[in-house]
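Thanks for coming. Please have the sequence and the 3D view open while I talk.

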Amino acid sequence: MAALRTVSGNTGMISLFLLCVIAAAKSDEQVPLVAWASDGFALSPVNAPSAGHTVSVEELESHLNTALRTAPLSVDDFTLYGGVFGNKQDSVFQNLEAALLSSSSLWLPSVSSSATALVSTLLQNQIDAAPLYMNPDTLAQLRLNASVAALLVFRLPYSGGADMMSTKEVLSGNDEVIGQVLSIMKAQSVPYTAVFTALWPSRVIEEASPAVHSVWSRSLLQSRREEPTATNPPLEFKEKGSTCILLWAEKLVVSQYRSGKWERHDLAPKTFGEGVEPNLSGSSCNETHSRLVLNYEDVLNYRSFKLIFVMNRRHYKVSARHWFTMDLVHLEYDGKTATFNGSRYIYAPAEYSYRCESVSSSRYPQLSPHSDKDNANDWQISLHDFQIQGFNVAGKDFSYASDCASFFTPGIWMGLVTSLLMVLVLTYGLHMIMQLRTMDRFDDPKGPAISVPQTE
């Protein structure tokens with residue numbers, strides 16, 4: 001939608017309002033608004049809104065009051081279909097760009113759709129004239145009087161059902177209408193002010209659910225597709241009212257070898273989720289030692305079952321910083337204990353959390369039985385999408401995660417070693433070629449024979 005008004009000295013003014021219309025939309029959506037004036041009238045300067053700010057009805061009225069004291073559309077349309085990097089011939093807004101370059105203008109990239117719906121009313125109040133709904137053919141037959149204020153409204157032929165292929169054509173058609181109207185105004189030598197906006201955006205970017213934004217911070221190396229379907233918060237253990245241990249995993253699977261087969265049980269549903277309050281009795285934490293005890297009942301037919309994570313914080317002189325390691329993972333069941341050692345693979349800087357896609361005692365094990373005779377040899381632990389932090393916990397969110405995925409994978413190492421071998425072979429070959437020496441003396445059949453001393 002565009003509006004145009006004209007001013008000649010102290011005479012009346014003509015306003016043209018061009019409008020893009022599309023299907024109904026929510027009241028809190030945003031569209032851009034562009035206003036400009038002909039050579040006979042200059043818009044008063046208006047402070048541009050800050051980046052990302054959406055202009056409300058009251059602010060739009062204030063901007064129009066300041067400036068005029070003097071089809072659906074989105075700001076993405078200008079980016080997608082406007083000419084850039086000198087390719088102005090590709091722009092579908094050639095007439096609009098030419099008008100903006102040749103006159104003073106007001107650019108509001110994000111205006112509430114409820115505010116733009118009142119633009120015609122605001123202009124009507126400004127110039128005290130009823131709006132006239134017209135098209136270019138009707139305007140060509142109308143003789144405008146610059147001494148009488150007028151508000152002309154043109155509804156641009158934007159199709160709300162247009163697909164991505166036809167949107168450019170429709171926008172180009174809108175620009176042609178703008179060009180026709182401005183040409184008529186110029187031919188009649190009537191100064192004007194124009195406003196180009198829309199009632200609703202041509203495309204709406206769906207925002208993520210607030211529940212997704214409230215999910216605790218995770219490893220920066222973790223992809224979105226790996227996010228759990230249920231956005232359950234991590235398990236917290238508090239000491240003296242302050243959270244000191246955080247734990248989260250998509251699956252906590254323990255398996256025991258019985259009667260020639262592995263019997264599995266997932267502890268995650270009893271540990272995480274809305275309304276789930278696991279028993280953490282026996283847990284403790286301080287500056288150097290953290291112990292998280294998860295107490296369960298009726299796990300693999302054991303009346304009492306405990307899963308225990310033991311972490312320690314130490315200072316290492318070589319790296320000149322503190323690190324924490326998960327030294328042990330215990331399984332306690334009916335008076336027996338199975339102990340796994342994880343200090344070799346599970347570690348992170350003390351101020352970070354540790355995160356790994358898979359922590360297991362079976363395939364590519366990060367957890368290993370404490371000894372050959374330990375009960376852990378009859379058990380397996382599998383932690384999927386595992387993250388834990390036992391020190392320097394601030395609030396309910398994990399700190400930055402130190403991921404278990406090494407930077408140099410086996411494939412990278414194979415490529416580097418192979419490349420190095422090829423470079424060495426090439427270097428050796430070039431060296432051998434450079435050491436080749438050609439003959440510098442040749443035998444002449446008509447002359448004396450060449451004598452080559454044996455000492456050479």
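This is a predicted model: local features need pLDDT of at least 70, side-chain atom pairs count only at pLDDT 80 or more; totals for chains, interfaces and linings use all residues.

Residues are numbered from 1 along each chain as its sequence is written, and side-chain values use heavy atoms, with hydrogens and water left out.

Rings first. How many aromatic pairs does a search of the whole structure find? It finds 10. Rings of Phe, Tyr and Trp (for Trp, the six-membered ring) pair if their centres lie within 6.5 Å; planes under 30 degrees apart count as stacked, over 60 as edge-to-face and the rest as tilted. W248 and F272 make a tilted pair, with 6.1 Å centre to centre and 40 degrees between the planes. W248 lies in strand β9 (residues 242-248) and F272 in the loop between β11 (261-266) and β12 (284-285), so this pair ties together parts 24 residues apart in sequence. Helices (H or I, at least four residues) and strands (E, at least two) are DSSP runs, numbered from the N terminus.

Are W248 and F272 buried or exposed? Both are buried. Buried means under 20% relative accessible area, exposed over 50%, and partly exposed in between, with a 1.4 Å probe and protein chains only.

Elsewhere, Y302, F305, Y333 and W379 form one aromatic cluster.

R321 lies over the face of W323, at 5.8 Å from the ring centre, and over the face of Y352, at 5.9 Å. A charge sits over a ring if NZ of Lys or CZ of Arg is within 6 Å of the ring centre and within 35 degrees of the ring normal.

Now helix α9, residues 410-434, where V417 lies. V417 counts as partly exposed, at 46% relative accessibility. A UniProt record, an unreviewed entry, places a "transmembrane region" at residues 412-431; positions are in the numbering used here, feature names are shortened, and annotations may be inferred rather than shown by experiment. Over residues 412-431 the chain is 100% helix and 0% strand, with the end C-alpha atoms 28 Å apart.

Last, the loops. N301 is in the loop between β13 (289-299) and β14 (302-316), and N301 is exposed, with a relative accessible area of 67%. Its phi is near 70 degrees, a positive value in a residue other than glycine. N392, in the loop between β20 (379-389) and β21 (401-403), has a positive phi near 55 degrees. N392 counts as partly exposed, at 43% relative accessibility.
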